Amino acid sequence: MTQLDYEAIVVGAGFGGLRMLHELRELGVSACVLEAGADVGGTWYWNRYPGARTDSEAFVYAMSFSHELLQEWDWSVRYPAQEEVQRYLAYVADRFDMRRDIRFDTRVVAASYDEAANAWTVSTQAGDCFVCRYLISATGLLSVAYVPDFPGLDRFKGEWYLTARWPNEGVDVSGKRVVVIGTGASGVQLIPQIALLAEHVTVLQRTPNYVIPARNAPIDQAERIAVKREYDAVWARARAHFFGFDMGTAGVVAAELTPAEQRRALEAGWEKGGFRFVFETFDDMTTDPATNELACAFIREKIRAIVRDRKTAELLCPTYPLAAKRPPLGHGYYEAFNRENVTLMNVASDPIQEITERGVRTACAVHDCDVVIFATGFDAFTGALTSIDVRGRDGTSIKEKWRYGPRTFLGIGIDGFPNLFMISGPQSSFANIPVVVDYTSRWIGRALTAMRTAGEDRIEATPEAVGEWCDMLDALMRRPTILAQGEQVGSWFVGANVPGKAHTPLFHLAGLSAYIKDCERVAAERFAGFARSASPTLAR
Ligand SMILES: Cc1cc2nc3c(=O)[nH]c(=O)nc-3n(C[C@H](O)[C@H](O)[C@H](O)COP(=O)(O)OP(=O)(O)OC[C@H]3O[C@@H](n4cnc5c(N)ncnc54)[C@H](O)[C@@H]3O)c2cc1C
């Protein structure tokens, strides 16, 4: 019989990996977490760039598995900064004595399933191998940074950084000329902060975003007490929400209001800020194109009112629907372009040609600089898993199997890859992530419990269930919804931000509540769509 090192190995020690470790311990499953970084935190360990903070409101950007933890932890502001979230996750790890089951500085490079032994062998970059029954990937949906292949980077004489791999010791940009490439969520957070110190910041923008003001503010004690008193209800509302937030609805669609009332609603939503603008202004903001355009025109008007230089303001105005790309939250973003030391350039019309010794050359200009910062996004959802050489039954490689896009059942299981589970995997839900990983970790725990009760030790999604799940997601993408328009605007929602990546829906586009309903149906039907058995190893 094959000797197992652990019953389960979890890859990744961010929100997902820590939550899964807790679940496995509750079930009495021996487990080890392998983490490439030197600490817990995942996203919050790697993304230390100035301005990095959550776009989720603090009270629901948290672990919900422990009442004590929820009562103990005090968030300082509505949108906590990287340092605070990192401190929180370190607190969780210490509070539940998780570090003894985590191996840091351990990058998994390969994992292969041995059918006869019904076991996975997991290999690390350092050459270690671990054998386990269950392999659980918690490698993150936004954990592999994408950097376009600009020629010449190796020649650059200055410093360059990725927002997603920001040095622990920080970067001193004071008095330096900085070029920032990218204006997605990270660039939008970084630019106002860098502008305070740098001599000059040149922002190279390909696609403008609708940046909604976050309206960050301290959380006062009265609010803290009120939330803590009703935390169960908070989580129940978050699980029922399209995006996993504790937010209400507007109770009205735009067409029911007069133009003056619509205007008042938009102004009120803008003042509330954050994703409340999207979810609590009109209930048809992301479903009715006319309502969506009303909001888009309103934001463009705000941009033109804030940004003094008319040409810059126009460049910052998107023309595609709000939410076709994930809208970033701003903390003085548009205002930064009123500074003398910030210049916006359009690299959609004047594309980057190369990095030179002295800076960035576009087709029509040269931007000499001391520092280049790449805020160019992520190989979302699939990048982390396909950069591991994962091989299922008969040596089938996950990378090969997903050449035309990921194929999973529920974003949790893959046919041909027995006993492999994914948390926040492709084709699961994209929503407020702590709520998603809490749900999927519990769901996996329920599946393991059902197997244990039935005397089984092998579970695998059936090809039929995978096929039906993919067809359902394709059908969702073909519906004329706004989220489904990501392909036209180069959104990572559908893999369209990475050249050569298959354009397929990377998550369940119908929202978290619908995703949970689908997973619950499968669980209620005794995990229908998954083949379960006792391997000969167990029978012996
Ligand atoms: C700047 C930024 C802000 C964000 N803000 C929000 C927000 O406000 N709300 C929200 O819901 N989501 C947000 N996200 C998404 C965020 O990724 C999730 O909220 C959450 O942190 C993901 O947790 P995770 O554990 O699934 O993955 P991650 O936090 O990405 O952790 C994955 C871990 O796996 C490790 N790993 C990957 N591959 C390997 C390997 N081969 N071997 C070993 N270890 C490996 C990585 O090192 C990493 O530590 C944000 C993302 C970014 C980048």
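This is a predicted model: local features need pLDDT of at least 70, side-chain atom pairs count only at pLDDT 80 or more; totals for chains, interfaces and linings use all residues.
A polar contact here is a pair of N or O atoms within 3.5 Å. An oxygen atom of the ligand sits 2.7 Å from an N or O atom in the side chain of Glu 35. Trp 46 also takes part through its side chain, with a polar atom 3.0 Å from a ligand oxygen atom. Phe 15 contributes backbone instead: one of its backbone N or O atoms is 3.1 Å from an oxygen atom of the ligand. Overall, 30 residues surround the ligand, and the closest are Glu 35, Thr 43, Asp 55, Ser 56 and Tyr 61.

Next comes helix α5, which spans residues 185-195. Nine of its 11 residues are buried, so the helix is largely enclosed by the rest of the structure. The buried set runs through Ser 186, Gly 187, Val 188, Gln 189, Leu 190, Ile 191 and Pro 192, then picks up Ile 194 and Ala 195.

Helices α7 (residues 231-240) and α15 (residues 433-454) make up a helix pair whose axes come within 10 Å and cross at roughly 90°. Angles of 65 to 115 degrees count as roughly perpendicular, and α7 and α15 are therefore roughly perpendicular to each other. On the α7 side, the contact involves Trp 235, Ala 238 and Arg 239, which meet Val 435, Asp 438 and Arg 442 of α15. By residue class, that contact splits into three nonpolar and three charged residues, with no polar ones.

Val 252 lies in the loop between α7 and α8 (259-272), while Thr 281 belongs to the loop between α9 (276-279) and α10 (289-306). The cut-off for buried is under 20% relative accessible area; Val 252 has 17% and so counts as buried, and Thr 281, at 3%, is also buried. Val 252 and Asp 283 are 31 residues apart in sequence, yet their C-alpha atoms are 5.9 Å apart in space. Beyond Val 252, the contacts of Thr 281 include Ala 250, Ala 265, Leu 266, Gly 269 and Arg 276. The side chain of Thr 281 also reaches the backbone oxygen of Phe 277, at 2.6 Å.

Cys 317 sits in the loop between α11 (310-316) and β11, and is buried with a relative accessible area of 7%. Leaving aside neighbours within four places in sequence, Cys 317 is in contact with Pro 208, Arg 300, Ile 303 and Arg 304. From Cys 317 to Thr 207 the C-alpha distance is 9.3 Å, across a sequence separation of 110 residues.

Phe 378, in the loop between β16 and α13 (383-386), is buried as well, at 12% relative accessible area. Not counting residues up to four places away in sequence, Phe 378 touches Leu 142, Ser 143, Val 144, Ala 145 and Tyr 146, together with Asn 47, Ala 164, Asn 497 and Val 498. Thr 440 is another matter: 62 residues from Phe 378 along the chain, its C-alpha atom is separated from that of Phe 378 by 22 Å.

How values were computed
Residues are numbered from 1 along each chain as its sequence is written. Side-chain values use heavy atoms; hydrogens and water are left out. Buried means under 20% relative accessible area, exposed over 50%, partly exposed in between (1.4 Å probe, protein chains only). Helices (H or I, at least four residues) and strands (E, at least two) are DSSP runs, numbered from the N terminus. Axes are lines fitted to C-alpha atoms, for helices over the stretch in contact, and angles run from 0 to 180 degrees between N-to-C directions. Angles under 35 degrees count as roughly parallel, over 145 as roughly antiparallel, 65 to 115 as roughly perpendicular and the rest as oblique. Contact means heavy atoms within 4.5 Å. Ala, Val, Leu, Ile, Met, Phe, Trp, Tyr, Cys and Pro count as nonpolar, Asp, Glu, Lys and Arg as charged, and the others, Gly among them, as polar. A residue is near a molecule or strand if one of its heavy atoms lies within 4 Å of it. A polar contact is a pair of N or O atoms within 3.5 Å; within protein, one must be able to donate a hydrogen and the other to accept it, and residues adjacent in sequence count only if both atoms are side-chain atoms.
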